[in-house]
Amino acid sequence: MKINLEKLLRKEVDSLDLNFVQEIDTINYQGKDFKFTSPAKIEGRISRVHGDLYLDCKIEFSSVDTCGRCLKDIDIFVNADVQGFLVESEEEVLEDEDTFVYNGEELDFKEIVENAFILNVPRKVLCDEDCKGMCVNCGVNLNEAECRCIDEDENQEFIDPRLSKLKDFFKNN
Ligand SMILES: [Zn+2]
Ligand SMILES: [Zn+2]
């Protein structure tokens, strides 16, 4: 969604209330595609502060990530506070402040939402602190089923002592 800043720039108004949704399909971040399960909700305002335009809003959205151990889908909810000055070109970007560049007289929220995503999405998620993960051998989700790889390991441990006892038996008789 592009917000027209014309009235603010021409000083016809002192502030502009924001209340809209930004449709986002997926965001590619660190080689991974994150699917949005809801459009981003933006609520706040742009106001004139000492001659500059200042954005102050909340951005809410939900997306899906996968558990770092078992790859199960996990819903992620983000509620980000986004604040910063609006500037006309990249050269005006301030070092110590968050700034957002607008083009012509329009501010594009797609980029702002993408930025909010990158800054707020958790680095690594787990479906559960105790997630058992996947069997590296057969790929079974160990939270949902036991796999045969473990059974075989256990059987071997179980059989071995008996075999050694048999060996001892033959030795002594
Ligand atoms: Zn998991
Ligand atoms: Zn297995």
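## Contact range and burial

Of the contacts in the chain between residues at least 6 apart in sequence, 53% join residues at least 24 apart; a contact here is a pair of residues whose C-beta atoms, placed from the backbone, lie within 7 Å. The model is predicted: local features need pLDDT of at least 70, side-chain atom pairs count only at pLDDT 80 or more, and totals for chains, interfaces and linings use all residues. Residues are numbered from 1 along each chain as its sequence is written, while chains are lettered from A and ligands numbered from 1 in the order in which they are written.

The chain has 173 residues, of which 12% count as buried. A residue is buried if 20 or more other C-beta atoms lie within 10 Å of its own, exposed if 12 or fewer, and partly exposed in between, with C-beta atoms placed from the backbone.

## Secondary structure

The chain holds 3 helices and 9 strands. Both kinds of element are DSSP runs numbered from the N terminus, helices being H or I over at least four residues and strands being E over at least two. Read from the N terminus, the order of the elements is β-α-β-β-β-β-β-β-β-β-α-α.

Strand β3 covers residues 26-29 and includes N28. It pairs with strand β4 (residues 32-35) in the antiparallel sense, over 4 bridges; two strands pair if DSSP finds at least two bridges between them. T26 has K35 of β4 as its bridge partner, and I27 stands opposite F34 in β4.

The two strands, β3 and β4, form a hairpin with 2 residues between them. In the turn, Q30 has a positive phi of about 50°.

## Surroundings of N28

N28 counts as exposed because it has 9 C-beta neighbours inside 10 Å.

## Surroundings of K7

K7 is found in helix α1, which spans residues 6-9. This lysine has 13 C-beta neighbours inside 10 Å and therefore counts as partly exposed.

Not counting residues up to four places away in sequence, K7 touches E12 and V13.

Technical notes: Two residues are in contact if their C-beta atoms, placed from the backbone, lie within 7 Å.
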